[in-house]
Amino acid sequence: MHPGLFLSVIPVFCFLGLLVLMDSFKLVSLRTLLQTIAVGCAVAGVALQLNTWWLEHYALQPAFFSSYVAPVLEELAKSIYLVFLLRTRRVGFVIDAAILGFALGSGFALVENIVYYLQLHDDASLFL
């Protein structure tokens, strides 16, 4: 993996680790945390496909789309899982929701950074 790609996600996962360490009740299990990160990765993949489809089917300027449409679509997509967790009562306290919300965003950011890296470097490979 390229060092720049690795460095781009270190702060996000360090902060996530700090959130988990600061939680005094420790109700969020490692399994749930990793599952939520994986869901964030999946949501990023879905958002990428949805954004690509939206750009192909609607005549929007890329700058307008990336400033006003894509963020709304992405945040709504991420919120679906958090709403699911809240509605099924899998979140006990506000800090648990914050940790899981940040874990979801961390997974999303991981995939987003990989996609950006691959788009910006023609000779890019994740296995260098």
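This is a predicted model: local features need pLDDT of at least 70, side-chain atom pairs count only at pLDDT 80 or more; totals for chains, interfaces and linings use all residues.
**Entry 1: ring pairs**

I started with the aromatic rings. A pair of them is described by the distance of the centres and the angle of the planes. My count came to six aromatic pairs. I looked up Phe25 and Phe93 and got 5.1 Å between the ring centres and 15 degrees between the planes. Planes under 30 degrees apart count as stacked, so Phe25 and Phe93 go down as a stacked pair.

Where do Phe25 and Phe93 lie? I found Phe25 in the loop between α1 (3-22) and α2 (30-57), and Phe93 in the loop between α3 (62-87) and α4 (94-120). The two parts are 68 residues apart in sequence, so this pair ties them together.

I also checked the cover on each ring. Phe25 comes out exposed, at 53% relative accessible area. Phe93 has 42%, which puts it in the partly exposed class.

Next I took Phe64 and Tyr68. Their ring centres are 5.2 Å apart and the planes are at 40 degrees, so I noted this pair as tilted. Both residues belong to helix α3 and are four residues apart, about one turn of the helix. Phe64 is partly exposed, with 41% relative accessibility. Tyr68, at 57%, is exposed.

**Entry 2: a cluster and a charge over a ring**

Which residues make up one aromatic cluster? I have Trp53, Trp54 and Tyr58 written down for that.

I then looked for a charge over a ring and found Lys78 over the face of Phe108. The distance to the ring centre is 4.5 Å.

**Entry 3: back to Phe93**

Patch members need over 30% relative accessible area, and Phe93 has 42%.

**Entry 4: Asn51**

Last, I looked up Asn51 in helix α2. Is Asn51 buried or exposed? Its relative accessible area is 10%, and the cut-off for buried is under 20%, so I wrote down Asn51 as buried.

I then listed what touches Asn51, leaving aside its neighbours within four places in sequence. The contacts are Phe65, Ala70, Leu73 and Glu74.

Notes: Residues are numbered from 1 along each chain as its sequence is written. Side-chain values use heavy atoms; hydrogens and water are left out. Rings of Phe, Tyr and Trp (its six-membered ring) pair if their centres lie within 6.5 Å; planes under 30 degrees apart count as stacked, over 60 as edge-to-face and the rest as tilted. Buried means under 20% relative accessible area, exposed over 50%, partly exposed in between (1.4 Å probe, protein chains only). A charge sits over a ring if NZ of Lys or CZ of Arg is within 6 Å of the ring centre and within 35 degrees of the ring normal. Contact means heavy atoms within 4.5 Å.
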